[in-house]
Amino acid sequence: MKQVNEDLLRDREKKIRSITLWGMLVNILLFAVKIFSGILIKSSALLADGFHSLSDLATDFVVLAGTRVSNRPPDDAHPYGHKRFETLATQMVGLILLVVGFGFIWKASTAINRGEENFPGGIMLVVAGISVVAKEILFFLTRKISRETHSTALYANAWHHRSDSLSSLAVLIGGAASLLGWGYADQVATIVVGLMIFGVAGKILYEGLIEITEHSADKESLEKINKILSEERDVSDWHALRTRKVGGELFVDLHLLVNPELSVRESHVICETVEARIEKELKKPVNVLTHIEPYDKK
């Protein structure tokens, strides 16, 4: 079972690294195109969107580093492993998004206060349109793999891709409005981008805090565990079922009540059977700790 967990963790890290590296490549290209175009046409919204892509690149590095460290095996200093580093990486993504969103809102608000109007032109629409398509593809692919690997950091990064897509959509709408003669459309689009990023950051930080506070497993996982226990004929009853999610791994503690006439070896086999079934049914890295107790019908 230990080998099964190690294989799952290696496969998990490989998938996370692959999609994150693709995201880094796309972010580098989009950052370069947006910044160059933003300077060329003097669009604050496009420049803000470009730095948003740069922040995406920064979070890609955070996800890679956090996942790499979190997959280290347990040691004397971290007997339960290093999975919390992935949670910390997730929180860092959220904090970066908060800073980026505030920067966009501040810059655009001060520009409006100074009465600065801007008419970027058609190039803005083309660049923003390309960005929306590219980031939406990345969002769906990254979210899909985050669900397969149960990675909170990758899930947060997926929503960072989505926030970049939404910001580009706001830039696209602002560019269209500026073509119709509204001089503040570029700045308003920038503020909308900032507010969208705030919302995403809040969601990521909240979910990370839930994990740090030792929240139990999701409802679906708990239902599967209870179903497995109820189907085991050699398990007379069970209690003290406790679960907690640490990064991409689920820790499960429970007490199994069995026939008191069974030998230690037979009881141990029951434990191994239950643990193997939980790992198989949940299809994720699981660390199960079982405690055997004699079943007293009285």
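Reader: What makes alanine 240 partly exposed?
Author: In this predicted model, alanine 240 has a relative accessible area of 37%. Buried would need under 20% and exposed over 50%, so alanine 240 falls in between and is called partly exposed.

Reader: Where does alanine 240 lie, and what is its phi?
Author: Alanine 240 is part of strand E1, residues 237–246. Its phi is positive, about 55°, although the residue is not a glycine. Most residues other than glycine have a negative phi.

Reader: Why are E1 and E3 called edge strands?
Author: Happy to take that one. The open sheet has three strands in the order E1-E2-E3, with mixed pairing. E1 and strand E3 (286–294) each pair on one side only, so they are the edge strands. The twist averages 10° from one strand to the next.

Reader: How do you know that E2 and E3 pair?
Author: Pairing takes at least two bridges. Nine bridges join strand E2 (residues 249–258) to E3, so the two strands count as paired, and they run parallel.

Reader: Why is threonine 290 called buried?
Author: Threonine 290, in strand E3, has a relative accessible area of 16%. That is under 20%, so threonine 290 is buried.

Reader: What makes the link between threonine 290 and glutamate 275 a polar contact?
Author: The two side chains make the contact at 3.1 Å, and the cut-off is within 3.5 Å, so the distance qualifies. Not counting residues up to four places away in sequence, threonine 290 touches Leu254, Leu256, Cys271 and Glu275.

Technical notes: Residues numbered from 1 in each chain as written. Predicted model: local features only at pLDDT ≥ 70, side-chain atom pairs only at ≥ 80, totals over all residues. Heavy atoms only, no water. Helix = DSSP H or I, 4+ residues; strand = E, 2+ residues; numbered from the N terminus. Buried < 20%, exposed > 50% of the residue type's maximum accessible area, 1.4 Å probe, protein only. Axes fitted to C-alpha atoms, helices over the stretch in contact; angles between N-to-C directions. Polar contact = N/O pair within 3.5 Å; in protein donor to acceptor, adjacent residues only side chain to side chain. Contact = heavy atoms within 4.5 Å.
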